[in-house]
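Please consult the sequence and the model shown here while reading.

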Amino acid sequence: MITTRRAAMASAILLASCAVFAAPKMARKPAAPAGTLPRYGMLVYSDLCVHADSGEFGGQRITLQRFSEVDTVLYEYTAGGLSWPVVASEVTIDPRGKQLYFTVQPPDEDERVISGKLADGGKTLVLDGGYCGDESVPMRLSLVTDYGRKAGACRACPASKKKKEIEEAPEAPESPAPMIEAGKTTTAGL
């Protein structure tokens, strides 16, 4: 009788300990909604690539680290070779987790603000500003999920819309330069 009582007590303790271990998993908060930045963790957005002719890197990489106390950003860009990471200051993420901006000051350059919005359900960070010198083409950095993959080949910059408009515009026939005869003056009527 004493052994069955002890076995029942041991079973109750074992069942209670299993419930204690399982409880935190059930009480976890749901993951961040799709298309938003999670409140904690690390995300890397990058468009780094390798130029086929020179073998040098091109593009940029933004590493966002979200802690309970503060959010930090490491910004890397290329200038012939991959730069040392620049630690950003004034990192601000909107409460909904869909936009962010931060300030960086690369060595020997002026301080600048970089801002962007999430797209494609959080899989792309679209930076404000122009890509390849064209303000109409935004910079798109993809979320890195495979840290072991090799960087892809860089693509040539697309022709800018302004450049296309100039190239496609029909040439106007050349008109002769106006000639002013000696002693005569002409003024435009107002």
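The paragraphs below treat the ring pairs and then the charges over rings.

This is a predicted model, in which local features need pLDDT of at least 70 and side-chain atom pairs count only at pLDDT 80 or more, while totals for chains, interfaces and linings use all residues. Residues are numbered from 1 along each chain as its sequence is written, and side-chain values use heavy atoms, with hydrogens and water left out.

Two aromatic pairs are present in the structure; rings of Phe, Tyr and Trp (its six-membered ring) pair if their centres lie within 6.5 Å, and planes under 30 degrees apart count as stacked, over 60 as edge-to-face and the rest as tilted. Tyr75 and Tyr77 form a stacked pair, because their ring centres are 5.8 Å apart and their planes stand at 20 degrees. The pair of Tyr75 and Phe102 is tilted, because the centres are 6.3 Å apart and the planes lie at 55 degrees. This second pair ties together parts that are 27 residues apart in sequence, because Tyr75 belongs to strand β5 (residues 71-77) and Phe102 to strand β8 (residues 99-104); strands (E, at least two residues) are DSSP runs, numbered from the N terminus.

Tyr75 is buried at 3% relative accessible area, Tyr77 is buried at 12%, and Phe102 is buried at 1%; buried means under 20% relative accessible area (1.4 Å probe, protein chains only).

Arg112 lies over the face of Tyr77, at 6.0 Å from the ring centre. Arg39 lies over the face of Tyr40, at 5.2 Å from the ring centre. A charge sits over a ring if NZ of Lys or CZ of Arg is within 6 Å of the ring centre and within 35 degrees of the ring normal.

Definitions and conventions. Buried means under 20% relative accessible area, exposed over 50%, partly exposed in between (1.4 Å probe, protein chains only). Helices (H or I, at least four residues) and strands (E, at least two) are DSSP runs, numbered from the N terminus.
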